[in-house]
Amino acid sequence: MTRPKGGYYKGELGEPHKFDPTFRGPVHKRGCTDVLCCVIFVIVILGYIVLGTVAWMHGDPRKVVYPTDSYGQFCGQQETPNANKAILFYFNILQCANPSVLINLQCPTTQLCVSKCPDRFATYIDMQYSYRRNKGSWEYYKQFCKPGFNNPDKPISQVLRDEDCPSMIVPSRPFLQRCFPDFITRNGTLTVANQTSFKDGHGKIRSVVDLRDAANGITSLLDAKEVGTKIFEDYASSWFWILIGLVISMLVSLVFILLLRFTAGVLFWLVIFGVIAAVGYGIWHCYWEYSSLKGKPDSDVTISDIGFQTDFRVYLQLSQTWLIFMTSLAVIEAIIILVLIFLRNRVRIAIALLKEGSKAIGCIMSTLFYPIITFLLLALCIAYWAVTAVFLASSGEAVYKVMSTLPDCKYTNLTCDPETFSQSNVTKLCPGSQCTFAFYGGESLYHRYIFVLQLCNLLVFLWLVNFTIALGQCTLAGAFAAYYWALRKPADIPPCPLASSFGRALRYHTGSLAFGALILSIVQFIRIILEYLDHKLKGAHNAFTRFLLCCLKCCFWCLEHFIKFMNRNAYIMISIYGKNFCTSARDAFFLLMRNVMRVAVLDKVTDFLLFLGKLLISGSVGVLAFFFFTRQIPVIQEEVPSLNYYWVPLLTVIFGSYMIAHGFFNVYAMCVDTLFLCFLLDLEKNDGSATRPYYMCSSLRAILNKKNQKRPKETKRGRKQKKEQPKSRH
């Protein structure tokens, strides 16, 4: 940095910028920013509360959780005829295509609530024959017939036409409150109640494979339920040790951050020299392979001569392949060495900032626990969104449609009223037709726009989530900025910097944070819509549409990450200057562009060290957990709980450790980014004089060859007069 005469200085890109003689670090006198966006944000939150209230009034989560019979009644609902009938039974499960139809949609057969599933094979025809000798057979069979039907002598053709009773029943067991065939595999053969075939009630012998095809995937779902039960048991017996593992990872993360002030430089240079040595070995190995193949026959054939080969080992027999590898590695080696030579000062600055970030966190330890507040706020947002979505999805009213066994009935799938259906002409024109429950919907204005309300629910949810993250970033940035702009650290750091920063962010900058969060939320919302369209168009054969959609997804992915980067730096500038979002984003952008090489180096050095830390912490805690849960630590071998799957607590500890380290290191990354922007502002706004000293640490000043002029010593009389002067108000 050079500052010519006249109070101007030049940035790294050479643009002149006016020297700011009034800059003294973060402003103390602030005003509310982006007030209009703040008002809109508050109105949207109130509207969101209204939306949740309306959905709660109209919705019924039981429609999503509990099964519904053909009459629109919940199985197991109290104070109804189905109070003691909590399981759904399908008259003809062979008509159900797959489990998604059974569980989520409606199967095109009569559905009835029963108290228990059938435990035997039987058909209506066989029941009629045995009824003449044994009345008890009808008593068992009729519990799977329509309520009120008690005429076992009715002709079988009319019973099946009117769907009064199922044509057959098969041994079943309840799963997800529905009766599914009780499949058992014996000696590699699929059976139901030890039988491989059954009567379908229409005079045919069917294989149980037909039942499996109709209820495709049910066996795996039942196995998944059993596995889920075992996993729950493992969590119940090992939760205490999982908690200990997570506490250990938290302590290790804390120690790692505090040790970075001593080990950041060593870690970085060790890995850099390790990479240089590895690439150098690669160059030597490629040269050795090239030399050994040079005199062999057929090794001088070019890659273009042999063309494309699926076996990659063919290319390894060519000397040209190793020559290309050697040349590529040599270029990479040269680039790394040149970058280190010409950017060595910037690398040293990045390492010094990493060490300073560790010191800042050591002075403001409360910042490490702020992610807990963010987590709680995010959990609240997610819970409210999920509950609202469920109530919206269950806000419909029961819709009934005509179901007929006749293929040429023109009234099939038309809506009907079950109370007046018996008096209509439909039963005369389509004998045997029924007015059965189809789904939950509605024709009112509210029901017609439920999908739009779901989209609004999603957009506001994204806005609240991004606002919560923005609030955390601005709060941490304000606390770390207070550390940087303290001339004497830690003596000049204001009391409770984190709480003060949180109060400032909410009081003055809610509108700015909401503005930045809204921009990011809109981009994320568009990305979700594009992902939905891509999922819907996967089977499309229009190559241009797929290509266009892929390009849009890529563009919006890049845009989202760019906005996240700019928002992060804009929030830092807001915490320092207290200006609105657009001004802060513009100032941050140009400040970073004037120091683009420093930004690139710091970003990569920080990302590398934090990734190394996450890998080290989660890996070390995971290895410790592996030895513990596999009983390979003799000292505490007796304390290990008995587990069905030891990988359940092991993966939980590894994933939890990674997330804890990620939370700690996010605070550290925010600290480094804040100190970096403050460092750039310090260079541009101050000159090291007695009245405008540099606020950066001594190590950074030594790297840049900057010095602060010593202040003239004050006499006793001068200090006394200074004490007697009234303090100015800010």
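Modeller: What follows goes through the terms one by one, with the residues they apply to.

Colleague: What kind of model is this, and what limits apply to the values?

Modeller: The model is predicted; local features need pLDDT of at least 70 and side-chain atom pairs count only at pLDDT 80 or more, while totals for chains, interfaces and linings use all residues. Residues are numbered from 1 along each chain as its sequence is written, and side-chain values use heavy atoms, with hydrogens and water left out.

Colleague: How many helices and strands does the chain have, and what counts as one?

Modeller: The chain has 23 helices and 15 strands.

Colleague: Why is H509 called buried?

Modeller: Buried means under 20% relative accessible area, exposed over 50% and partly exposed in between, with a 1.4 Å probe and protein chains only. H509 has a relative accessible area of 1%, so it is buried. H509 sits in the loop between helix 16 (497-508) and helix 17 (510-536). Apart from its neighbours within four places in sequence, H509 is in contact (heavy atoms within 4.5 Å) with R30, G31, T33, R504, I574 and G578.

Colleague: Why does L459 count as partly exposed?

Modeller: L459 has 28% relative accessibility, and therefore counts as partly exposed. This residue of helix 15 (residues 450-484) contacts S521 and F525, leaving aside neighbours within four places in sequence. L459 and L518 are 59 residues apart in sequence, with 9.1 Å between their C-alpha atoms.

Colleague: What makes C496 exposed?

Modeller: Its relative accessible area is 55%, so C496 is exposed. C496 lies in the loop between helix 15 and helix 16. Its phi is positive, near 50°, and C496 is not a glycine. Most residues other than glycine have a negative phi.

Colleague: Where is D34, another residue with a positive phi?

Modeller: D34 is in the loop between strand 2 (16-18) and helix 1 (35-58). Its phi is about 50°, although D34 is not a glycine.

Colleague: How do you know that the length of helix 20 agrees with its residue count?

Modeller: The expected span of a helix is 1.5 Å times one less than its number of residues. Helix 20 (residues 596-629) has 34 residues and should span 50 Å; its end C-alpha atoms are 49 Å apart, so the two agree. Just after helix 20, R631 has a positive phi of about 60°.

Colleague: What are the corresponding values for helix 18?

Modeller: Helix 18 (residues 543-577) has 35 residues and reaches 50 Å from first C-alpha to last, close to the expected 51 Å. G578 follows helix 18 with a positive phi near 75°.

Colleague: Why is helix 11 called oblique to helix 21?

Modeller: Two packed helices are described by the angle between their axes and the distance between the axes. The axes of helix 11 (residues 344-363) and helix 21 (residues 647-685) come within 9 Å and cross at roughly 120°. That angle makes helix 11 oblique to helix 21. Angles under 35 degrees count as roughly parallel, over 145 as roughly antiparallel, 65 to 115 as roughly perpendicular, and the rest as oblique. Axes here are lines fitted to C-alpha atoms, for helices over the stretch in contact, and angles run from 0 to 180 degrees between N-to-C directions.

Colleague: What makes strand 3 and strand 4 a pair?

Modeller: Two strands pair if DSSP finds at least two bridges between them. Four bridges join strand 3 (residues 87-90) to strand 4 (residues 111-114), and the two run antiparallel. L88 stands opposite C113 in strand 4. Both faces of strand 3 are covered: I87 and F89 on one side and L88 and Y90 on the other are all buried.

Colleague: How many bridges join strand 9 to strand 10?

Modeller: Four bridges join strand 9 (residues 183-186) to strand 10 (residues 189-192), which run antiparallel. F183 has V192 as its bridge partner. The two strands form a hairpin with two residues between them, and N187 in the turn has a positive phi of about 55°.
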